Amino acid sequence: MKLNYKRTFVIGLVFFSITMMASLHDSLTPKILYSFGVGETLIGIIMAVDNVFAIAMMPLFGYLSDRTNSKYGKRTPFFFVGTILASVFLIMLPIADNMRNLPLFIACLFGFLLSLATYRSPGVSVMSDVTPKPLRSKANGVINLMGTLAGIVGIVLTSLFYKERILEWEYNAIGDKVPVLGANGLPILDNSVNNIGIYIAVAAIAIIAMLIYVFSVNENKLVKEREEIEKQLGIIQSDESGESQKQKLSPEEKKSLILILFSISLWFFGYNAVITFFSNYATTVLGIEGGGFSKYLLVANVGGVIAFIPAGIVAGKLGRKKTILTGVAILTTAFASGIFFTKETPLLYGLFMLAGIGWATINVNSLPMITEFAQSSNIGQFTGYYYFASMSAQTLTPVISGFLIENLSIGYRVLFIYATVFVALSALPISFSKHGDSLAVNSGSILERFEDM
(Lines give C-alpha, C1' and ligand atoms only; values in the text may rest on other atoms or scores of the structure.)
Protein backbone atom coordinates (compact mmCIF):
# COMPACT_ATOMS: atom_id res chain seq x y z
CA MET A 1 0.00 0.00 0.00
CA LYS A 2 1.61 3.23 -1.16
CA LEU A 3 0.82 6.80 -0.22
CA ASN A 4 0.42 9.37 -2.99
CA TYR A 5 2.94 11.83 -1.57
CA LYS A 6 2.49 14.49 -4.25
CA ARG A 7 -1.25 14.68 -3.67
CA THR A 8 -0.82 14.61 0.10
CA PHE A 9 1.60 17.55 -0.04
CA VAL A 10 -1.03 19.58 -1.94
CA ILE A 11 -3.69 18.63 0.61
CA GLY A 12 -1.20 19.71 3.28
CA LEU A 13 -1.52 23.29 2.02
CA VAL A 14 -4.61 23.54 4.25
CA PHE A 15 -2.54 22.85 7.33
CA PHE A 16 0.25 25.02 5.91
CA SER A 17 -2.09 28.01 5.84
CA ILE A 18 -3.47 27.37 9.34
CA THR A 19 -0.10 26.80 10.96
CA MET A 20 1.67 29.74 9.36
CA MET A 21 -0.90 32.28 10.53
CA ALA A 22 -1.31 30.67 13.95
CA SER A 23 2.45 30.52 14.56
CA LEU A 24 2.83 34.21 13.75
CA HIS A 25 0.06 34.94 16.24
CA ASP A 26 1.66 32.70 18.89
CA SER A 27 5.07 34.36 18.48
CA LEU A 28 4.19 38.03 18.24
CA THR A 29 0.85 38.59 19.98
CA PRO A 30 2.32 38.07 23.49
CA LYS A 31 5.07 40.60 22.70
CA ILE A 32 2.53 43.16 21.42
CA LEU A 33 0.36 42.68 24.51
CA TYR A 34 3.46 42.99 26.70
CA SER A 35 4.23 46.31 25.02
CA PHE A 36 0.72 47.49 25.96
CA GLY A 37 1.65 46.83 29.60
CA VAL A 38 -0.58 43.75 29.88
CA GLY A 39 0.47 41.33 32.68
CA GLU A 40 1.31 37.68 32.07
CA THR A 41 -1.92 36.34 33.58
CA LEU A 42 -4.03 38.52 31.29
CA ILE A 43 -1.77 37.69 28.33
CA GLY A 44 -2.45 34.03 29.08
CA ILE A 45 -6.20 34.65 29.18
CA ILE A 46 -6.14 36.53 25.87
CA MET A 47 -3.99 33.86 24.23
CA ALA A 48 -6.43 31.25 25.52
CA VAL A 49 -9.28 32.86 23.56
CA ASP A 50 -7.93 31.13 20.44
CA ASN A 51 -8.57 27.82 22.10
CA VAL A 52 -11.95 28.84 23.54
CA PHE A 53 -13.08 29.53 19.98
CA ALA A 54 -11.59 26.21 18.90
CA ILE A 55 -13.43 24.28 21.62
CA ALA A 56 -16.72 25.95 20.73
CA MET A 57 -16.33 26.13 16.97
CA MET A 58 -14.19 23.23 15.75
CA PRO A 59 -16.52 20.34 16.70
CA LEU A 60 -19.39 22.41 15.32
CA PHE A 61 -17.70 23.14 12.01
CA GLY A 62 -16.40 19.58 11.81
CA TYR A 63 -20.00 18.43 12.22
CA LEU A 64 -21.30 20.96 9.68
CA SER A 65 -18.66 20.02 7.13
CA ASP A 66 -19.54 16.32 7.56
CA ARG A 67 -23.05 17.26 6.39
CA THR A 68 -22.03 19.65 3.64
CA ASN A 69 -22.51 18.44 0.09
CA SER A 70 -21.29 20.79 -2.62
CA LYS A 71 -19.65 20.39 -6.00
CA TYR A 72 -16.43 21.60 -4.35
CA GLY A 73 -16.59 18.96 -1.59
CA LYS A 74 -17.36 18.97 2.12
CA ARG A 75 -14.30 20.82 3.42
CA THR A 76 -13.08 23.07 0.60
CA PRO A 77 -15.75 25.82 0.98
CA PHE A 78 -14.78 26.28 4.66
CA PHE A 79 -11.09 26.52 3.75
CA PHE A 80 -11.76 29.12 1.03
CA VAL A 81 -13.92 31.49 3.08
CA GLY A 82 -12.01 31.04 6.35
CA THR A 83 -8.62 31.80 4.80
CA ILE A 84 -9.80 35.07 3.26
CA LEU A 85 -11.42 36.30 6.49
CA ALA A 86 -8.45 35.26 8.65
CA SER A 87 -6.02 37.04 6.31
CA VAL A 88 -7.94 40.31 6.50
CA PHE A 89 -8.08 40.29 10.31
CA LEU A 90 -4.41 39.24 10.54
CA ILE A 91 -3.31 42.34 8.62
CA MET A 92 -5.42 44.51 10.92
CA LEU A 93 -3.43 43.42 14.01
CA PRO A 94 -0.25 45.47 13.36
CA ILE A 95 -2.39 48.41 12.23
CA ALA A 96 -4.11 48.44 15.63
CA ASP A 97 -0.70 48.06 17.30
CA ASN A 98 0.71 51.06 15.43
CA MET A 99 -2.36 53.08 16.45
CA ARG A 100 -1.73 51.99 20.08
CA ASN A 101 -5.41 51.08 20.25
CA LEU A 102 -5.74 48.06 22.54
CA PRO A 103 -9.56 47.64 22.14
CA LEU A 104 -9.20 47.63 18.34
CA PHE A 105 -6.31 45.16 18.59
CA ILE A 106 -8.39 42.81 20.78
CA ALA A 107 -11.39 43.09 18.43
CA CYS A 108 -9.26 42.27 15.37
CA LEU A 109 -7.59 39.44 17.26
CA PHE A 110 -10.98 37.92 18.10
CA GLY A 111 -12.04 38.24 14.44
CA PHE A 112 -8.85 36.51 13.30
CA LEU A 113 -9.17 33.65 15.79
CA LEU A 114 -12.84 33.12 14.99
CA SER A 115 -12.07 32.98 11.26
CA LEU A 116 -9.27 30.50 11.82
CA ALA A 117 -11.53 28.26 13.92
CA THR A 118 -14.15 28.00 11.17
CA TYR A 119 -11.89 26.02 8.84
CA ARG A 120 -9.33 24.35 11.11
CA SER A 121 -11.36 21.20 11.80
CA PRO A 122 -12.77 20.87 8.24
CA GLY A 123 -9.33 21.57 6.80
CA VAL A 124 -7.54 18.95 8.87
CA SER A 125 -10.29 16.41 8.12
CA VAL A 126 -9.40 16.41 4.42
CA MET A 127 -6.38 14.16 4.98
CA SER A 128 -8.50 11.49 6.68
CA ASP A 129 -11.24 11.89 4.04
CA VAL A 130 -8.96 10.95 1.15
CA THR A 131 -6.43 8.59 2.80
CA PRO A 132 -7.06 4.87 3.60
CA LYS A 133 -6.82 4.17 7.33
CA PRO A 134 -3.56 2.17 7.30
CA LEU A 135 -1.75 5.06 5.59
CA ARG A 136 -2.92 7.89 7.81
CA SER A 137 0.17 8.03 10.02
CA LYS A 138 2.35 8.44 6.95
CA ALA A 139 -0.06 10.99 5.47
CA ASN A 140 -0.26 12.85 8.77
CA GLY A 141 3.54 12.96 8.73
CA VAL A 142 3.39 14.78 5.41
CA ILE A 143 0.64 17.10 6.67
CA ASN A 144 2.62 17.96 9.77
CA LEU A 145 5.73 18.46 7.64
CA MET A 146 3.77 21.06 5.68
CA GLY A 147 2.74 22.67 8.95
CA THR A 148 6.34 22.73 10.07
CA LEU A 149 7.46 24.31 6.81
CA ALA A 150 4.77 26.93 7.37
CA GLY A 151 6.14 27.57 10.83
CA ILE A 152 9.62 27.92 9.35
CA VAL A 153 8.36 30.50 6.86
CA GLY A 154 6.82 32.52 9.68
CA ILE A 155 9.92 32.20 11.83
CA VAL A 156 12.28 33.24 9.03
CA LEU A 157 10.13 36.30 8.28
CA THR A 158 10.08 37.16 11.99
CA SER A 159 13.84 36.74 12.45
CA LEU A 160 14.62 38.85 9.37
CA PHE A 161 12.10 41.66 9.72
CA TYR A 162 10.67 41.82 13.26
CA LYS A 163 11.87 44.75 15.37
CA GLU A 164 11.29 45.17 19.10
CA ARG A 165 9.03 48.12 19.94
CA ILE A 166 10.09 48.38 23.58
CA LEU A 167 12.92 50.91 23.64
CA GLU A 168 14.47 50.72 27.13
CA TRP A 169 15.20 47.77 29.46
CA GLU A 170 16.55 47.17 32.95
CA TYR A 171 17.23 44.15 35.21
CA ASN A 172 15.20 43.13 38.26
CA ALA A 173 16.38 41.52 41.52
CA ILE A 174 16.64 37.97 40.13
CA GLY A 175 18.47 39.11 37.00
CA ASP A 176 15.57 39.02 34.55
CA LYS A 177 15.27 41.70 31.89
CA VAL A 178 12.19 43.94 32.28
CA PRO A 179 11.03 47.06 30.39
CA VAL A 180 11.56 50.55 31.76
CA LEU A 181 8.18 52.18 32.39
CA GLY A 182 7.34 55.73 31.35
CA ALA A 183 5.31 58.35 33.20
CA ASN A 184 2.07 56.66 32.11
CA GLY A 185 3.15 53.39 33.72
CA LEU A 186 3.58 51.68 30.35
CA PRO A 187 6.77 50.48 28.61
CA ILE A 188 8.66 53.18 26.68
CA LEU A 189 8.27 52.40 22.96
CA ASP A 190 10.12 53.19 19.75
CA ASN A 191 7.28 54.67 17.66
CA SER A 192 9.30 54.48 14.44
CA VAL A 193 9.03 50.65 14.42
CA ASN A 194 6.43 49.12 12.09
CA ASN A 195 6.07 45.34 11.68
CA ILE A 196 3.10 45.28 9.29
CA GLY A 197 5.19 43.88 6.43
CA ILE A 198 5.52 40.49 8.17
CA TYR A 199 1.74 40.20 8.54
CA ILE A 200 1.06 41.17 4.93
CA ALA A 201 3.58 38.60 3.67
CA VAL A 202 2.08 35.79 5.78
CA ALA A 203 -1.49 36.64 4.72
CA ALA A 204 -0.47 36.72 1.04
CA ILE A 205 1.29 33.34 1.25
CA ALA A 206 -1.74 31.82 3.00
CA ILE A 207 -4.09 33.01 0.24
CA ILE A 208 -1.76 31.70 -2.48
CA ALA A 209 -1.60 28.31 -0.73
CA MET A 210 -5.40 28.21 -0.53
CA LEU A 211 -5.78 29.02 -4.25
CA ILE A 212 -3.29 26.31 -5.26
CA TYR A 213 -5.30 23.81 -3.21
CA VAL A 214 -8.68 24.91 -4.60
CA PHE A 215 -7.54 24.63 -8.22
CA SER A 216 -5.60 21.37 -7.73
CA VAL A 217 -7.76 19.15 -5.49
CA ASN A 218 -11.01 17.50 -6.57
CA GLU A 219 -12.19 16.59 -3.10
CA ASN A 220 -15.29 14.60 -4.09
CA LYS A 221 -13.34 12.44 -6.55
CA LEU A 222 -10.59 11.63 -4.04
CA VAL A 223 -13.09 10.69 -1.32
CA LYS A 224 -14.78 8.19 -3.66
CA GLU A 225 -11.41 6.67 -4.56
CA ARG A 226 -10.54 6.20 -0.87
CA GLU A 227 -13.93 4.64 -0.10
CA GLU A 228 -13.54 2.13 -2.94
CA ILE A 229 -10.09 1.08 -1.71
CA GLU A 230 -11.32 0.59 1.86
CA LYS A 231 -14.35 -1.42 0.68
CA GLN A 232 -12.14 -3.73 -1.37
CA LEU A 233 -9.81 -4.20 1.60
CA GLY A 234 -12.72 -4.93 3.95
CA ILE A 235 -11.86 -1.94 6.15
CA ILE A 236 -15.39 -0.53 5.90
CA GLN A 237 -18.65 -2.35 5.30
CA SER A 238 -21.26 -1.21 2.80
CA ASP A 239 -25.04 -1.53 2.75
CA GLU A 240 -27.19 -1.87 -0.38
CA SER A 241 -27.17 1.87 -1.00
CA GLY A 242 -23.38 1.86 -1.09
CA GLU A 243 -22.98 4.03 2.00
CA SER A 244 -20.74 3.03 4.90
CA GLN A 245 -22.58 1.75 7.94
CA LYS A 246 -22.14 3.52 11.25
CA GLN A 247 -20.94 1.33 14.07
CA LYS A 248 -21.05 2.17 17.78
CA LEU A 249 -17.86 1.96 19.76
CA SER A 250 -17.56 -0.88 22.24
CA PRO A 251 -17.00 -0.03 25.93
CA GLU A 252 -13.30 -0.93 25.58
CA GLU A 253 -12.96 1.29 22.51
CA LYS A 254 -14.64 4.18 24.33
CA LYS A 255 -12.26 3.72 27.26
CA SER A 256 -9.24 3.76 24.94
CA LEU A 257 -10.55 6.83 23.15
CA ILE A 258 -10.94 8.71 26.43
CA LEU A 259 -7.46 7.69 27.62
CA ILE A 260 -5.85 8.86 24.39
CA LEU A 261 -7.72 12.18 24.49
CA PHE A 262 -6.56 12.66 28.11
CA SER A 263 -2.93 12.15 27.07
CA ILE A 264 -3.37 14.59 24.22
CA SER A 265 -4.59 17.22 26.69
CA LEU A 266 -1.62 16.67 29.02
CA TRP A 267 1.13 17.00 26.44
CA PHE A 268 -0.54 20.12 25.03
CA PHE A 269 -0.60 21.57 28.56
CA GLY A 270 3.19 21.36 28.61
CA TYR A 271 4.01 22.18 25.00
CA ASN A 272 1.65 25.12 24.51
CA ALA A 273 2.88 26.88 27.66
CA VAL A 274 6.36 27.02 26.12
CA ILE A 275 5.00 28.16 22.73
CA THR A 276 2.94 30.92 24.36
CA PHE A 277 5.60 32.44 26.58
CA PHE A 278 8.95 31.57 25.00
CA SER A 279 9.26 34.87 23.10
CA ASN A 280 9.02 36.77 26.40
CA TYR A 281 11.05 34.10 28.27
CA ALA A 282 13.87 34.55 25.76
CA THR A 283 14.02 38.28 26.49
CA THR A 284 13.62 38.22 30.26
CA VAL A 285 15.63 35.11 31.23
CA LEU A 286 18.01 34.47 28.34
CA GLY A 287 18.60 38.14 27.46
CA ILE A 288 17.79 37.66 23.75
CA GLU A 289 16.72 40.86 22.00
CA GLY A 290 14.23 41.55 19.20
CA GLY A 291 13.39 38.57 17.00
CA GLY A 292 16.46 36.61 18.08
CA PHE A 293 14.26 34.09 19.92
CA SER A 294 12.93 32.85 16.58
CA LYS A 295 16.17 31.11 15.60
CA TYR A 296 15.57 28.52 18.33
CA LEU A 297 11.99 27.98 17.18
CA LEU A 298 13.42 27.55 13.69
CA VAL A 299 15.73 24.80 14.94
CA ALA A 300 12.76 23.08 16.62
CA ASN A 301 10.89 23.20 13.33
CA VAL A 302 13.89 21.76 11.50
CA GLY A 303 13.83 18.92 14.02
CA GLY A 304 10.18 18.43 13.12
CA VAL A 305 10.99 18.37 9.40
CA ILE A 306 13.59 15.68 10.04
CA ALA A 307 11.23 13.56 12.15
CA PHE A 308 7.74 13.88 10.67
CA ILE A 309 7.91 11.39 7.80
CA PRO A 310 10.20 8.88 9.60
CA ALA A 311 7.85 8.99 12.61
CA GLY A 312 4.95 7.89 10.40
CA ILE A 313 7.06 5.10 8.92
CA VAL A 314 8.27 3.93 12.34
CA ALA A 315 4.65 3.84 13.56
CA GLY A 316 3.90 1.44 10.71
CA LYS A 317 6.52 -0.91 12.15
CA LEU A 318 6.24 -0.47 15.92
CA GLY A 319 2.69 0.85 16.26
CA ARG A 320 1.46 4.34 16.99
CA LYS A 321 1.33 4.02 20.78
CA LYS A 322 4.95 2.92 21.18
CA THR A 323 6.09 5.63 18.78
CA ILE A 324 4.17 8.30 20.70
CA LEU A 325 5.63 7.15 24.02
CA THR A 326 9.11 7.45 22.51
CA GLY A 327 8.26 11.03 21.47
CA VAL A 328 6.98 11.83 24.97
CA ALA A 329 10.29 10.64 26.45
CA ILE A 330 12.27 12.79 24.01
CA LEU A 331 10.17 15.91 24.61
CA THR A 332 10.30 15.46 28.39
CA THR A 333 14.08 15.22 28.24
CA ALA A 334 14.28 18.42 26.16
CA PHE A 335 12.04 20.46 28.48
CA ALA A 336 13.75 19.12 31.61
CA SER A 337 17.08 20.29 30.15
CA GLY A 338 15.62 23.74 29.57
CA ILE A 339 15.20 24.25 33.32
CA PHE A 340 18.96 24.71 33.72
CA PHE A 341 19.49 27.40 31.06
CA THR A 342 19.51 31.00 32.34
CA LYS A 343 21.53 32.60 29.53
CA GLU A 344 21.98 32.14 25.82
CA THR A 345 24.29 29.28 24.87
CA PRO A 346 24.88 27.10 21.78
CA LEU A 347 23.50 24.13 23.75
CA LEU A 348 20.04 25.68 23.34
CA TYR A 349 20.12 24.64 19.69
CA GLY A 350 20.41 20.99 20.74
CA LEU A 351 17.58 21.40 23.24
CA PHE A 352 15.19 22.81 20.64
CA MET A 353 16.25 20.27 18.00
CA LEU A 354 15.39 17.52 20.49
CA ALA A 355 12.07 19.19 21.35
CA GLY A 356 11.15 19.43 17.66
CA ILE A 357 11.90 15.76 17.06
CA GLY A 358 9.94 14.70 20.15
CA TRP A 359 6.92 16.84 19.32
CA ALA A 360 6.86 15.63 15.71
CA THR A 361 6.99 12.01 16.82
CA ILE A 362 3.97 12.59 19.07
CA ASN A 363 1.99 14.76 16.71
CA VAL A 364 2.22 12.58 13.62
CA ASN A 365 0.52 9.65 15.28
CA SER A 366 -1.98 11.16 17.73
CA LEU A 367 -4.65 12.36 15.27
CA PRO A 368 -4.60 9.07 13.31
CA MET A 369 -5.16 7.21 16.60
CA ILE A 370 -8.36 9.21 17.07
CA THR A 371 -9.65 8.93 13.49
CA GLU A 372 -9.02 5.17 13.67
CA PHE A 373 -12.22 5.04 15.76
CA ALA A 374 -14.23 6.87 13.06
CA GLN A 375 -16.31 5.70 10.13
CA SER A 376 -16.05 7.40 6.76
CA SER A 377 -19.22 9.37 7.48
CA ASN A 378 -18.06 10.96 10.75
CA ILE A 379 -14.34 11.67 10.36
CA GLY A 380 -14.95 15.37 10.94
CA GLN A 381 -16.70 14.58 14.23
CA PHE A 382 -13.74 12.58 15.57
CA THR A 383 -11.30 15.19 14.30
CA GLY A 384 -13.35 17.59 16.39
CA TYR A 385 -12.83 15.35 19.45
CA TYR A 386 -9.07 15.53 18.93
CA TYR A 387 -9.15 19.31 18.74
CA PHE A 388 -11.51 19.55 21.69
CA ALA A 389 -8.92 17.72 23.81
CA SER A 390 -5.94 19.69 22.52
CA MET A 391 -7.65 23.07 22.54
CA SER A 392 -9.12 22.58 26.01
CA ALA A 393 -5.56 22.19 27.27
CA GLN A 394 -4.36 25.13 25.21
CA THR A 395 -7.18 27.23 26.69
CA LEU A 396 -6.22 26.55 30.29
CA THR A 397 -2.45 26.31 30.12
CA PRO A 398 -1.65 29.92 29.09
CA VAL A 399 -3.78 31.17 32.00
CA ILE A 400 -2.31 28.79 34.57
CA SER A 401 1.30 29.14 33.43
CA GLY A 402 0.90 32.93 33.06
CA PHE A 403 -0.47 33.15 36.61
CA LEU A 404 2.48 31.15 37.95
CA ILE A 405 4.98 33.29 36.03
CA GLU A 406 3.43 36.49 37.33
CA ASN A 407 3.02 35.40 40.95
CA LEU A 408 5.90 33.05 41.79
CA SER A 409 9.20 34.55 42.91
CA ILE A 410 11.13 32.72 40.18
CA GLY A 411 9.02 34.38 37.48
CA TYR A 412 9.57 33.07 33.94
CA ARG A 413 11.95 30.40 35.24
CA VAL A 414 8.95 28.25 36.20
CA LEU A 415 8.08 27.76 32.51
CA PHE A 416 10.19 24.68 31.71
CA ILE A 417 9.46 23.07 35.08
CA TYR A 418 5.75 23.37 34.33
CA ALA A 419 6.16 21.98 30.81
CA THR A 420 8.28 19.02 31.94
CA VAL A 421 5.73 17.87 34.54
CA PHE A 422 2.77 17.86 32.15
CA VAL A 423 4.54 16.20 29.23
CA ALA A 424 5.90 13.47 31.51
CA LEU A 425 2.40 12.81 32.94
CA SER A 426 0.96 12.42 29.43
CA ALA A 427 2.66 9.03 29.09
CA LEU A 428 0.41 7.44 31.71
CA PRO A 429 -3.12 7.45 30.20
CA ILE A 430 -2.10 6.39 26.69
CA SER A 431 -0.08 3.51 28.13
CA PHE A 432 -3.36 1.87 29.19
CA SER A 433 -5.15 2.30 25.83
CA LYS A 434 -5.76 -0.86 23.79
CA HIS A 435 -7.21 0.58 20.59
CA GLY A 436 -6.40 3.19 17.96
CA ASP A 437 -3.20 1.64 16.66
CA SER A 438 -2.51 1.32 12.94
CA LEU A 439 -4.23 -1.33 10.86
CA ALA A 440 -0.97 -1.78 9.01
CA VAL A 441 0.46 -3.27 12.20
CA ASN A 442 -2.57 -5.15 13.50
CA SER A 443 -3.83 -6.71 10.29
CA GLY A 444 -1.22 -8.03 7.93
CA SER A 445 -3.92 -9.78 5.87
CA ILE A 446 -5.19 -6.39 4.69
CA LEU A 447 -1.82 -5.55 3.20
CA GLU A 448 -1.58 -8.99 1.66
CA ARG A 449 -4.98 -8.54 0.01
CA PHE A 450 -3.95 -5.14 -1.26
CA GLU A 451 -0.77 -6.60 -2.80
CA ASP A 452 -2.86 -9.34 -4.46
CA MET A 453 -5.03 -6.65 -6.05
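Buried residues make up 57% of the 453 residues in this protein. The structure is a predicted model, and it contains 17 helices and 2 strands. Its radius of gyration is 22 Å, close to the 22 Å that the globule rule gives for 453 residues, so the protein is as compact as a globular protein of that length.

**Overall dimensions and contacts**

- Along its principal axes, the C-alpha trace spans about 75 × 40 × 35 Å.
- Among contacts between residues at least 6 apart in sequence, 83% join residues at least 24 apart.

**Nonpolar cores**

- The largest nonpolar core holds 122 residues. Within this core, Met21, Leu90, Ile264, Trp267, Phe278 and Phe352 touch the most other members.
- Trp267 has contacts with Ile324, Val328, Trp359, Ile362, Ser366, Phe422, Val423, Ser426 and Ile430, when residues up to four places away in sequence are not counted.
- Another core, of 6 residues, lies apart from the largest one. Its members include Phe308, Ala311, Ala360 and Val364.

**Helix α7**

- Helix α7 covers residues 196-216. At 1.5 Å a residue, its 21 residues should span 30 Å, and the end C-alpha atoms are 31 Å apart, which agrees.
- The buried residues of α7 include Ile198, Tyr199, Val202, Ala203, Ala206, Ala209, Met210 and Tyr213. These residues cover an arc of only 125° around the axis, which puts them on the same side of α7.
- The exposed residues Ile208 and Phe215 are carried on the face of α7 turned away from its buried side.

**Helix α12**

- Helix α12 runs over residues 347-371. Its 25 residues should span 36 Å at 1.5 Å a residue, and this agrees with the 38 Å between its end C-alpha atoms.
- Most of α12 is covered, as 19 of its 25 residues are buried.

**Salt bridges**

- The whole structure contains 7 salt bridges.
- One of them joins the side chains of Arg7 and Glu225, at 3.5 Å from N to O. This pair links distant parts of the chain: Arg7 belongs to helix α1 (residues 5-11) and Glu225 to helix α8 (residues 219-233), 218 residues apart.
- Asp129 lies in helix α5 (residues 102-130) and Arg75 in the loop between α3 (40-66) and α4 (76-98), so the pair ties together parts that are 54 residues apart in sequence. Both Asp129 and Arg75 are buried.
- Asp97 and Arg100 form a further salt bridge, with their closest N and O atoms 2.4 Å apart. Asp97 is buried, with a relative accessible area of 5%, whereas Arg100 counts as partly exposed at 27% relative accessibility.

- Asp26 is placed in helix α2 (residues 13-35).
- With 19% relative accessibility, Asp26 counts as buried, because buried means under 20%.
- Not counting residues up to four places away in sequence, Asp26 touches Met47, Ile275 and Thr276.

- Ala389 is found in helix α13 (residues 379-407).
- The relative accessible area of Ala389 is 6%, and the residue is buried.
- Ala389 is in contact with Leu261, Ile264 and Ser265, leaving aside its neighbours within four places in sequence. One of these contacts, Ile264, is also among the residues that touch the most other members of the largest nonpolar core.
- Ala389 and Leu116 are 273 residues apart in sequence, and their C-alpha atoms are 18 Å apart in space.

Key:
Residues are numbered from 1 along each chain as its sequence is written. This is a predicted model: local features need pLDDT of at least 70, side-chain atom pairs count only at pLDDT 80 or more; totals for chains, interfaces and linings use all residues. Side-chain values use heavy atoms; hydrogens and water are left out. Helices (H or I, at least four residues) and strands (E, at least two) are DSSP runs, numbered from the N terminus. Buried means under 20% relative accessible area, exposed over 50%, partly exposed in between (1.4 Å probe, protein chains only). Contact means heavy atoms within 4.5 Å. A salt bridge is a side-chain nitrogen of Lys or Arg within 4 Å of a carboxyl oxygen of Asp or Glu. A nonpolar core is a set of buried Ala, Val, Leu, Ile, Met, Phe, Trp, Tyr and Cys residues joined through side-chain atoms within 4.5 Å. The expected span of a helix is 1.5 Å times one less than its number of residues. The arc is that of the directions from the helix axis to the C-beta atoms. The radius of gyration is taken over C-alpha atoms; the globule rule is 2.2 Å times the number of residues to the power 0.38.
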